[in-house]
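Visitor: I'm new to this structure and would like to learn how to read it. Could you walk me through a few features?

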Protein chains: 2
Amino acid sequence: MAARLSLKGDYESLLEKYDTWLFDCDGVLWQGDRLIEGVVDVLELLRSRKKSVMFVTNNATKSRRSYKTKFDKLGVQAHVDEIFGSAFASAAYISSVLKLQKDKKVYVIGMAGMEEELREEGISYLGGTSSEDNTLEPFTLANWTPDPSVGAVLCGLDTSINYTKLSKAFAYLRRDPSVAFLVSNEDSTYPTAEGLLPGAGSISAPLRFALGKDPVAIGKPNSTMLECIKAKHDYDPKRTIMVGDRLNTDIEFGKNGGLATLLVLTGITQETEITGPNASPIVPDYVTSSLGDLRILIPS
Amino acid sequence: MAARLSLKGDYESLLEKYDTWLFDCDGVLWQGDRLIEGVVDVLELLRSRKKSVMFVTNNATKSRRSYKTKFDKLGVQAHVDEIFGSAFASAAYISSVLKLQKDKKVYVIGMAGMEEELREEGISYLGGTSSEDNTLEPFTLANWTPDPSVGAVLCGLDTSINYTKLSKAFAYLRRDPSVAFLVSNEDSTYPTAEGLLPGAGSISAPLRFALGKDPVAIGKPNSTMLECIKAKHDYDPKRTIMVGDRLNTDIEFGKNGGLATLLVLTGITQETEITGPNASPIVPDYVTSSLGDLRILIPS
């Protein structure tokens, strides 16, 4: 059972136990464009206590750089190097693990942030935000010449998803089984200030269904994302805690990496999912209502 | 094991055994816009021997009326009443089985043929080919007022699929569990003359994934389609044969309905899928290379 934090001593003991703090963003630091109360103070407290702070997001629509802009806008201190998005992790995976040859290209279902991270890694790509593939015109294989240099298909959340992109990605993957099938993350839904919309996992679902094949998934809860963090900042898993709002991404991610886990209830997960007969089998180590609760440790 | 037809006597015995002949269209009668050799002669032969002939297609992009135009164009004799498409079957299901109240509407992910069949059944709908929902502009719940009269979401192949349609369909299904989730058919791919593209099952995959819920599927191999045929033409299952090119739709459909099944190899299924160690567990009663093989019975 998860330990419910409430007393000052509970939070103090957490600070003593963990040196590296990984945070999910949406539902933990903010909800859409609204900052969660107390977050700025708590992050300042952690930094003042010499904790390493990192931000780990599955959102692949933004690059680390555009994420940084969001932090700045909301007044949350963060360095680009502390931000790990699944677009960045996907680009790192393609160059470091997949070792895609430099003359090969990636066919992208995704948005500008994903393209920016690919460019930063020196990876060539097709599709994405190109005007040619952002169309509702009918698609036919008769009018299309596939690019023989495509060596991978990378799919993330793409709010301009359409039949041309799905058909091209499907054709690349179907013609040549050596073409890698990657997804930035498998979140079924995407939280917005007004409610949930279909997420990256839902956008790649047509390809899974048409191919009858599962992709390699990069983002939380997969360890690929953690390897990507480890390559930049070494940490001791025993003294690291993952803070998140989603059981099947954030908390599972922490558990998969042997980290401690703290669930906050300001995002997707509701109280009813962690207690009672229908509780999820994914059990966080600690639970608190909001990241803002740690303000109890700030000397007044 | 399936009986491989080759001798004149094999085909003659088939004609003697079965009075009602159900045909899939794409891959059986034609491939894309190309008629399969001998099909016109074979259908004439069947009609001359007083057989009932019916055409059963999962393609929900066309209404029966527009299907009839395709038959005419390719010179294949057919009456509208002999054609059963999954768009027609879906509309029939909504009015006869779901009994959707007349003041309720269907949110459509689908094309003009599906809308035409809904109109013919007197069912109101939203989405589909409406210009409002055929856009690649960003979608936000903030700018959208859901229509409270939506009582069902019907999804078929839609080559104008986009994030606005997926988001609205998801929102209707998520807000109110009493809203019915229907798909015209679950074909993972859609055959065109130049190759396979993602099919209706792939178009509905984002909704399944985002909702974590399976829809009610109308088309082959589901019995809903057969009930729809039975309501129009009574037949004796023991004297009825289903002819198709797909094991997991056509042949399974025939088997589910207690009909005999004949597989032709002019479409999706390859020889290797029905013989050898990797053969499919779905075994047709009979196999022949092409429907045109039945020309052997035509007196010269």
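Guide: Happy to, and let's start with a term: a polar contact is a pair of N or O atoms within 3.5 Å, where, within protein, one must be able to donate a hydrogen and the other to accept it. Keep in mind that this is a predicted model.

Visitor: Which residue's side chain does S63(B) join in a polar contact?

Guide: That's E116(B), and the contact between the two side chains is 3.0 Å. Beyond its close sequence neighbours, S63(B) also touches G113(B) and E117(B).

Visitor: Where does S63(B) sit along chain B?

Guide: Look at the loop between β5 (52-57) and α3 (64-73).

Visitor: Is S63(B) buried or exposed?

Guide: Buried means under 20% relative accessible area. S63(B) has 1%, so it counts as buried.

Visitor: Now for chain A: which residues does UniProt place under "binding site"?

Guide: The unreviewed entry lists D24(A), D26(A) and D245(A). They are spread over 222 residues of sequence, yet they cluster in space, with a largest C-alpha distance of 8.2 Å.

Visitor: What surrounds D24(A)?

Guide: Its contacts away in sequence include L29(A), K220(A), D245(A) and D250(A). With K220(A) there is a side-chain polar contact of 2.8 Å. D24(A) lies in the loop between β2 (20-23) and β3 (30-31), and its relative accessibility is 7%, so it is buried.

Visitor: And where is D245(A) found?

Guide: In the loop between β14 (240-244) and α9 (247-256) of chain A. D245(A) is buried too, at 3%, and its contacts include D24(A), D26(A) and D250(A).

Note on methods:
Residues are numbered from 1 along each chain as its sequence is written. Chains are lettered from A and ligands numbered from 1 in the order in which they are written. This is a predicted model: local features need pLDDT of at least 70, side-chain atom pairs count only at pLDDT 80 or more; totals for chains, interfaces and linings use all residues. Side-chain values use heavy atoms; hydrogens and water are left out. Helices (H or I, at least four residues) and strands (E, at least two) are DSSP runs, numbered from the N terminus. Buried means under 20% relative accessible area, exposed over 50%, partly exposed in between (1.4 Å probe, protein chains only). Contact means heavy atoms within 4.5 Å. UniProt positions are given in the numbering used here, feature names are shortened, and annotations may be inferred rather than shown by experiment. Lists of a residue's contacts leave out its neighbours within four places in sequence.
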